[in-house]
Amino acid sequence: MPRSLITRAGFVLLSLAWAPAAWAAVPADSTVATHAPVGVDFWSLLFVFVLASFIGLGVIRRVSRLLHTPLMSITNAISAIAVVGSIIVTGADYPPTIRALGGVALFASMTNIVSGFLITDRMLKMFKTDEKRGEGGHA
Amino acid sequence: MTYSIQQLAYIISTALFIFALHWMNTPATARKGVYAGVAAMTIAILVTWVQPGVIHHGWIVVAMLAGTAVGIPLANVPLTAVPQRTALSHAFGGLAAGLVGSAKYYLWLSEGPENLTAFRMVAIILEILLGFLTFTGSLMAAGKLQEVKWIPQRPVTYPGQNFINLGLFAVAAGLGAALAMNPTAPWAPMLFPVVVGLSLLFGVLLILPIGGADMPTVIAILNAYAGLSAVAMGFVLDNKLLITAGALDGSSGLILAIIMCKAMNRSFTNVLFGAFGQVQQLKAGAEQKVYKPETPEGAAQVLEQSSLVVIIPGYGMAVAQAQHKVRELYDQLKKRGITVKFAIHPVAGRMPGHMNVLLAEADIPYTDLVEMDAINPDMPQCDVALVVGANDVVNPAARTDKSSPIYGMPIIDADKARTIFAIKRSKSPGFAGIENELYFSDRTWMLFGDAKAVIGELVKQLSGGSGMH
């Protein structure tokens with residue numbers, strides 16, 4: 001327990017530490033992100049991708065083998081982060097045909113989010129130790 | 001200022017996603033992981049939605065409600081259908097990426113061609129290639145797993161198949177490259193749908209030659225593709241949250257695929273282009289071997305006398321829906337003070353971890369579910385190995401027979417147990433079509449019949465014997 005508290009505190013501190021940095025780094029007039037500027041820094045995006053992949057490999061490697069099926073369904077839900085792109089395309093002031101494509105994408109992503117998280121939780125509820133067995137009764 | 005808040009929220013969301021996966025490292029904290037994931041996703045959706053650029057809300061609400069309406073029943077499928085649900089959700093993920101990529105291309109083509117830089121065009125092409133091939137490939141996989149009538153279950157092969165598949169992909173990639181170099185050429189808007197069509201077709205052809213036994217690997221690979229298509233979307237939209245979350249999914253799929261491949265002693269290319277299951281019938285009619293059948297009465301007596309019983313489940317247990325009967329057997333044996341363990345092979349079933357979920361559903365404590373590498377040293381001390389619907393994962397030919405297609409695959413050493421009971425529906429070979437030497441060992445006794453019925457009979461014998469009804 002104390003360990004998880006420390007982790008939590010560290011996480012909060014880390015977020016706070018980054019806030020002013022993010023504030024300072026961005027000029028005040030860059031408000032709209034839907035029309036990304038032409039001069040996007042793709043190298044920093046690649047950088048983020050490579051680092052995130054290494055974090056992913058490190059974290060996933062330690063996932064319990066018992067939980068590989070729930071792992072797959074929760075990563076389904078997480079990769080439905082495509083919802084972010086879909087919302088931008090569906091809701092922006094674009095021609096209707098473009099927005100319709102976004103709408104279908106949004107529907108597909110939302111399906112994955114809802115079913116992914118719900119079924120992961122449903123499966124995880126079933127994993128019990130010997131002592132906890134019987135407490136919840138049989139499904 | 002809005003931009004800063006948005007980015008800050010995205011950073012928090014990323015951190016929560018990492019925690020979500022971190023907490024999956026033990027069943028004790030795993031549910032916390034789900035809550036972290038839900039929180040991260042909620043933050044991401046809300047922050048995106050309140051952006052000033054998002055001004056039409058009607059369609060968003062409708063699409064999200066429709067998604068929720070479809071998602072809820074999909075989350076409540078029987079657990080035996082989880083592999084096809086997973087494949088279906090990869091299809092949805094791929095579709096979303098492909099559609100957003102297409103939408104962005106046509107948007108920029110008409111409203112801001114200067115946005116179609118080379119780097120971004122490459123990202124768009126990757127997004128639609130990966131997205132649409134994942135879409136049809138996963139639909140095919142889901143169809144095969146669901147045993148849809150008009151999708152062949154057995155691997156479909158034809159001469160020059162790999163040549164045609166790879167050639168097709170090369171053409172799609174080549175046309176994609178041409179598009180990336182000339183995104184605003186007059187022919188570009190016409191070529192774009194061609195690339196989309198080719199990757200849709202490639203997805204179908206890629207999965208056509210894949211059989212059921214390879215599904216765990218293929219699902220994991222499609223999982224990685226779905227993640228990578230989200231990453232590509234992140235590059236297109238200049239959105240780091242998409243990149244990080246997609247990368248987490250991509251690396252998860254990659255690791256699972258590697259684990260599955262290792263557990264079958266095969267390479268990615270061999271799984272995707274090897275058309276497993278075609279190598280059968282080589283040795284048919286070599287010599288007539290005989291099974292030794294046993295009755296449930298006899299088997300129950302042996303089980304009663306043992307002190308360590310190892311149950312080895314396979315896909316057959318899922319097909320027969322026998323997991324609940326297996327739990328009753330587990331309870332009967334436990335009541336007699338017998339130690340019962342389950343030996344789980346990484347590729348047992350149709351997706352990674354399939355058996356664990358089914359047994360957990362049947363209320364068997366996860367502490368008794370033991371991985372292959374952990375249980376194998378104990379197998380010589382095991383009194384009874386009970387094989388329930390598993391086949392290739394216990395075939396000793398993998399250790400000894402160099403001509404066997406599964407040679408070199410790590411197996412559960414069921415053959416080292418003092419007595420082996422194997423439950424089998426019929427006398428024909430298993431899914432991969434390979435003869436199993438275990439069934440002809442002098443210590444193996446066969447229990448023919450439906451797994452659920454046979455185990456039910458064993459339970460009846462055991463409960464009758466102890467005077468309980």
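**View 1. Burial within chain A of the predicted model.** In this predicted model, buried residues, meaning those with 20 or more other C-beta atoms within 10 Å of their own C-beta atom as placed from the backbone, make up 45% of the 139 residues in chain A. Residues are numbered from 1 along each chain as its sequence is written, and chains are lettered from A in the order in which they are written. Local features need pLDDT of at least 70 and side-chain atom pairs count only at pLDDT 80 or more, whereas totals for chains, interfaces and linings use all residues.

View 2. Chain A holds five helices and zero strands, where helices are DSSP runs of H or I with at least four residues and strands are runs of E with at least two, numbered from the N terminus; along the sequence the pattern reads α-α-α-α-α. Of the contacts in chain A with a separation of 6 or more, 59% join residues 24 or more positions apart, a contact being a pair whose C-beta atoms, placed from the backbone, lie within 7 Å.

**View 3. The side of chain A that touches chain B.** Here 95 residues of chain A are in contact with 110 residues of chain B. Helix 5 of chain A gives the most to this side, with 27 residues.

**View 4. Helix 4 of chain B.** This helix, residues 82-111, has end C-alpha atoms 43 Å apart, which agrees with the 44 Å that its 30 residues should span at 1.5 Å a residue, the expected span being 1.5 Å times one less than the number of residues. Helix 4 of chain B is mostly covered, with 26 of its 30 residues buried.

Key. A residue is buried if 20 or more other C-beta atoms lie within 10 Å of its own, exposed if 12 or fewer, and partly exposed in between; C-beta atoms are placed from the backbone. Two residues are in contact if their C-beta atoms, placed from the backbone, lie within 7 Å.
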